[in-house]
Amino acid sequence: MKKIFLGTVALVALAVPATAADLAARPYTKAPPPAYAPIYNWTGFYIGGHVGGAFGSSNNLFNSSSDDGRFLGGIQGGFDYQFSPNWVLGLEAQYSWLSDTTWVATDILTGDSIEQRKRGLGSVTGRLGYTWGPGLLYVKGGYAFADISTAAFAAGVVPVAVSTGKDGWTVGAGLEYMFAPNWSAKIEYQYYDLGNSRAAFPTGTVSWRNDEHTVKAGINYRFNTAAPVVARY
């Protein structure tokens, strides 16, 4: 009986350390996956459309205002290259059709009159932007042109020589936001300077500016499939 008791005590003494060792051991757990964050890539071609308004300078032809606000709508396309984490360089072509673009100015003393019609505005510009995630703040500038026709008549009936500026320069700035993969929206201000027009009446030459201030809201479809992509950081 004594031998049985001593044997049982020995087995218990051996089992306790083994059980304690089992309880102290930490179960293996897999390391958590690495963190992820969206990275927005502005590099690639894009096409889109825009709507907005055009506001010409007030020209004092024959003491009358000859220009006012008009609706515009158009298309744009271009290419952007993101050459650093925060800088984007691009080239864009744009054309806007104008509504209700004909104005007429008449000298009430001589009957001399000028009629001008602007059908559209276009530009080819370089673009430089600063990006932070889905946002892109940019400036632009370059060549501008307009679809303009002008006619002038002395005493209201006799055609006179007219020269009209159709080429010039443009500058602008805007904010673009990538709201979904391959889609971005923008709001933009753009100024067009198309030089001066002149009409040579027998009573003297009349000159006026051809410039436009425009405000546009637009949307672009971007062909870069990695906007946005998911990457480790």
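1. Basis of the note. The model is predicted, with local features requiring pLDDT of at least 70 and side-chain atom pairs counted only at pLDDT 80 or more, while totals for chains, interfaces and linings use all residues. Residues are numbered from 1 along each chain as its sequence is written, and side-chain values rest on heavy atoms, with hydrogens and water left out.

2. Overall fold. The chain contains 1 helix and 13 strands, these being DSSP runs (helices H or I, at least four residues; strands E, at least two) numbered from the N terminus. Along the sequence the order is α-β-β-β-β-β-β-β-β-β-β-β-β-β. Among the contacts with a separation of 6 or more, 68% are between residues 24 or more positions apart, a contact being heavy atoms within 4.5 Å.

3. Burial and surface. Of the 233 residues, 37% count as buried, that is, under 20% relative accessible area, where exposed is over 50% and partly exposed lies in between (1.4 Å probe, protein chains only). The chain exposes about 13100 Å², of which carbon and sulfur atoms supply 68%; accessible areas come from the Shrake-Rupley method with a 1.4 Å probe, and for residues only the protein chains shown count as cover.

4. Pairing around β4. Strand β4 (residues 87-98) pairs with β3 (residues 69-82) in the antiparallel sense over 11 bridges, pairing requiring at least two bridges found by DSSP. These two strands form a hairpin with 4 residues between them, and Ile75 stands opposite Tyr95 in β4. Strand β4 is also joined by 11 bridges to β6 (residues 113-132), again running antiparallel, with Leu89 opposite Leu128 in β6.

5. Nonpolar cores. A core here is a set of buried Ala, Val, Leu, Ile, Met, Phe, Trp, Tyr and Cys residues joined through side-chain atoms within 4.5 Å. The largest has 10 residues, including Trp103, Ile114, Phe201 and Trp208, and the elements giving two or more residues to this core are β5 (102-106), β7 (135-154), β11 (183-201) and β12 (204-222). Apart from it lies another core of 9 residues, among them Leu98, Ile148, Tyr192 and Leu194.

6. Glu92. This residue is found in strand β4 and is buried, with a relative accessible area of 1%. The Glu92 side chain makes a polar contact with the side chain of Tyr46 at 2.7 Å (a pair of N or O atoms within 3.5 Å; within protein, one must be able to donate a hydrogen and the other to accept it, and residues adjacent in sequence count only if both atoms are side-chain atoms). Leaving aside neighbours within four places in sequence, the contacts of Glu92 include Arg127, Lys140, Lys186 and Glu188.
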